[in-house]
Amino acid sequence: DMLKLHDLLLTNNSIRLLPYELGRLFQLTKLELEGNPLTPELLQKSREVNGTQKLLQFLLDTLEAPASPPDRPWITVREKTGKHMTFKVMCYNILSDSLAKGTKYGYCPSSALAWDHRKNLIMSQITNSGADI
C-alpha cells in the first residue's frame, strides 16, 4: 500500500515533473530528488528544513479539489401506510474544527480542512436534505 511508504529515493532519474498525487503520501519521511531536472521551486522546497513535509503539503494543496461527495442514500425505516403522519430525520456527525488539523489528516488538502469550506458543504447538505428534524 503506497500510503504507508516512508522512504522514496528518486535521485538522478531525469524526473522533470512530480505528480501532485505524491502529496497524498502523508507518511513519507524521506524524499530524495537531487540530480533531477525539476523546477527550482520544487528543488528549493525539498532542500528546506522539513523539506519532504513542505513539498508534500505543497503538492497536496496544489492537487485539484476532489468532486463533491456523492449524495447520501436515505434509509426508509417503514413505508407509508394508511393515514399515518410521516417525517424525515437527519443525523449528521461533524468533525470538530479543533480536530481538523493537517497533522492528523495529512492525506487531506488543507483547503478541504478549512472550516469555511467544510461549513458551506455541511450547510448545503443539511439545507438540501429536506429533513424535518
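Visitor: Which residues does G35 touch, not counting residues up to four places away in sequence?

Guide: In this predicted model, G35 touches N12 and N13 once residues up to four places away in sequence are set aside. G35 itself is found in the loop between β2 and α1, and at 52% relative accessibility it counts as exposed.

Visitor: What pattern does the protein chain follow when read along the sequence?

Guide: The order is β-β-α-α-α-α, which corresponds to a total of 4 helices and 2 strands. The radius of gyration of the protein chain is 22 Å, well over the 14 Å that the globule rule gives for 133 residues, so the chain is more spread out than a compact globule. Taken along the principal axes, the box filled by the C-alpha atoms is roughly 75 × 25 × 20 Å.

Visitor: How many of the 133 residues, as a percentage, count as buried?

Guide: For the protein chain the figure is 23% of the 133 residues, where buried stands for a relative accessible area under 20%. The protein chain exposes about 10200 Å², and carbon and sulfur atoms supply 56% of that area. Turning to contacts between residues at least 6 apart in sequence, 45% of them join residues at least 24 apart.

Visitor: Where do the centres of the positive and negative side chains lie relative to one another?

Guide: The protein chain carries 16 positive and 14 negative side chains, and the centres of these two sets lie 8 Å apart.

Visitor: How should I read burial along a helix, and which residues of α1 are buried?

Guide: The general idea is that an α-helix has 3.6 residues a turn, so residues three or four places apart point the same way. In helix α1, which spans residues 40-47, the buried residues are L42, L43 and S46. Seen down the axis of α1, these buried residues fall within an arc of 95 degrees, so they line one face of the helix. What they pack against is α2, covering residues 51-62.

Visitor: Staying with α2, is L60 buried or exposed?

Guide: L60, which lies in helix α2, is buried, with a relative accessible area of 1%. Leaving out residues up to four places away in sequence, L60 touches Y20, G23, R24, G106, Y107, C108 and P109. The C-alpha atoms of L60 and P19 are separated by 9.7 Å, although these two residues are 41 residues apart along the chain.

Visitor: What is the phi of N50, and where is its place?

Guide: N50, although it is not a glycine, has a positive phi of about 60 degrees. Its place is in the loop between α1 and α2, and N50 is exposed, with a relative accessible area of 52%.

Visitor: Where does I75 lie, and what separates it from L55?

Guide: I75 lies in the loop between α2 and α3, the latter being residues 110-113, and with a relative accessible area of 74% it is exposed. Its C-alpha atom and that of L55, 20 residues apart along the chain, are separated by 43 Å.

Visitor: Which loop holds A114, and how does its distance in sequence from A100 go with its distance in space?

Guide: A114 lies in the loop between α3 and α4, with α4 covering residues 115-129. A114 is partly exposed, with a relative accessible area of 33%, a value that falls in between the 20% cut-off for buried and the 50% cut-off for exposed. A114 and A100 are 14 residues apart in sequence, and in space they are 7.8 Å apart, C-alpha to C-alpha.

Conventions
Residues numbered from 1 in each chain as written. Predicted model: local features only at pLDDT ≥ 70, side-chain atom pairs only at ≥ 80, totals over all residues. Heavy atoms only, no water. Rg over C-alpha atoms; globule rule 2.2 N^0.38 Å. Buried < 20%, exposed > 50% of the residue type's maximum accessible area, 1.4 Å probe, protein only. Contact = heavy atoms within 4.5 Å. Areas by Shrake-Rupley, 256 points an atom, 1.4 Å probe, with all protein chains shown as cover. Lys, Arg positive; Asp, Glu negative; His and termini not counted. Charge placed at Lys NZ, Arg CZ, Asp CG, Glu CD. Arc of directions from axis to C-beta.
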